[in-house]
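Hi,

Here is the structure I promised to pass on.

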Amino acid sequence: MTNPVIFDSLESVLPSDGNPCRWRLVTDGVMGGLSEGTLTRESICNRLALRMSGRVSLENNGGFLQMALDLSGDQSAVDAGAWQGIELDVCGPAEEYAVHLRTTELSRPWQSYRQPFEVKPEWQTVRLPFNDFVAHRTETPLNLGKLKRIGLVAIGRAFEADLALSGLRFY
């Protein structure tokens with residue numbers, strides 16, 4: 001079984017394009033936080049990539065920047081049950097980030113399933129098994145048949161975020 005591509009930097013679009021399944025930047029400003037960032041498409045270390053950069057601030061109860069992708073244009077679910085996990089092609093200054101998954105069964109914006117990952121200054125492929133995602137502020141188990149959104153998140157501490165993504169696949 002081949003790896004189904006979720007995001008390929010050579011083919012995918014930014015929020016300003018007309019694609020209903022598009023990346024967008026979400027900051028803690030939705031809750032009054034003061035973190036600021038940008039989401040751009042550019043060449044990073046000789047690869048076309050989506051780049052999230054900015055300042056994560058803990059002021060005013062803040063603390064995150066997120067590049068988020070809704071997997072369906074109509075907020076319906078995608079069935080990822082045939083796969084073992086998510087594979088990311090990432091690069092950036094050595095920092096820890098996290099992937100947050102959301103399903104159609106979650107109703108509150110702070111609920112998710114989370115797994116951290118480390119980034120290095122050179123391109124690397126990171127594999128995140130679905131079994132290692134931890135429920136955050138929900139008792140509902142992760143239902144891979146109802147996957148709705150994938151977010152790459154700079155969270156929990158004040159720092160300068162700089163994360164490049166050139167590919168995202170199920171494996």
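A disulfide here means a pair of cysteine sulfur atoms within 2.5 Å, and a search of the whole structure turns up 0 of them. Cys-91 is therefore in no disulfide either, its nearest cysteine sulfur being that of Cys-45 at 3.9 Å. How accessible is Cys-45? Cys-45 is partly exposed, at 48% relative accessibility, whereas Cys-91 is buried at 3%. (Buried is under 20% relative accessible area, exposed is over 50%, and partly exposed lies in between, with a 1.4 Å probe and protein chains only.)

Before you read on: this is a predicted model, where local features need pLDDT of at least 70 and side-chain atom pairs count only at pLDDT 80 or more, while totals for chains, interfaces and linings use all residues. Residues are numbered from 1 along each chain as its sequence is written, and side-chain values use heavy atoms, with hydrogens and water left out.

**The sheet**

There is an open sheet of 6 strands, in the order E2-E5-E11-E7-E8-E10, with antiparallel pairing. Its edge strands are E2 (23-27) and E10 (134-136), each pairing on one side only. From one strand to the next, the twist averages 30°. Strands (E, at least two residues) and helices (H or I, at least four) are DSSP runs numbered from the N terminus, and two strands pair if DSSP finds at least two bridges between them.

His-100 stands opposite Gly-151 of E11.

The largest pocket has a volume of about 560 Å³. Of its 24 lining residues, Met-31, Phe-64, Gln-66, Pro-109 and Trp-110 are the closest to the centre. A pocket, on a 1 Å grid over the protein atoms alone, is an open set of points where a 1.4 Å probe fits, with protein on both sides within 12 Å along at least five of seven lines; lining residues have an atom within 4 Å of a point. Grid points are joined across faces, edges and corners, and the volume is the space filled by probe spheres set on them.

Which strand gives the largest share of the lining? That is E11, with 4 residues. E2, E5 (64-70), E7, E8 (112-119) and E11 each supply at least two. By type, the lining divides into 9 nonpolar, 10 polar and 5 charged residues. (Nonpolar is Ala, Val, Leu, Ile, Met, Phe, Trp, Tyr, Cys and Pro; charged is Asp, Glu, Lys and Arg; the others, Gly among them, are polar.)

**Loops**

Most residues other than glycine have a negative phi. Asn-60, though not a glycine, has a positive phi of about 55°. Asn-60 sits in the loop between E4 (47-56) and E5 and is exposed at 51%. Arg-137 also has a positive phi, near 60°; its place is the loop between E10 and E11, and Arg-137 is exposed at 58%.

Finally, Arg-22 lies in the loop between E1 (5-8) and E2 and is partly exposed at 34%.

Cheers

Methods:
Axes fitted to C-alpha atoms, helices over the stretch in contact; angles between N-to-C directions.
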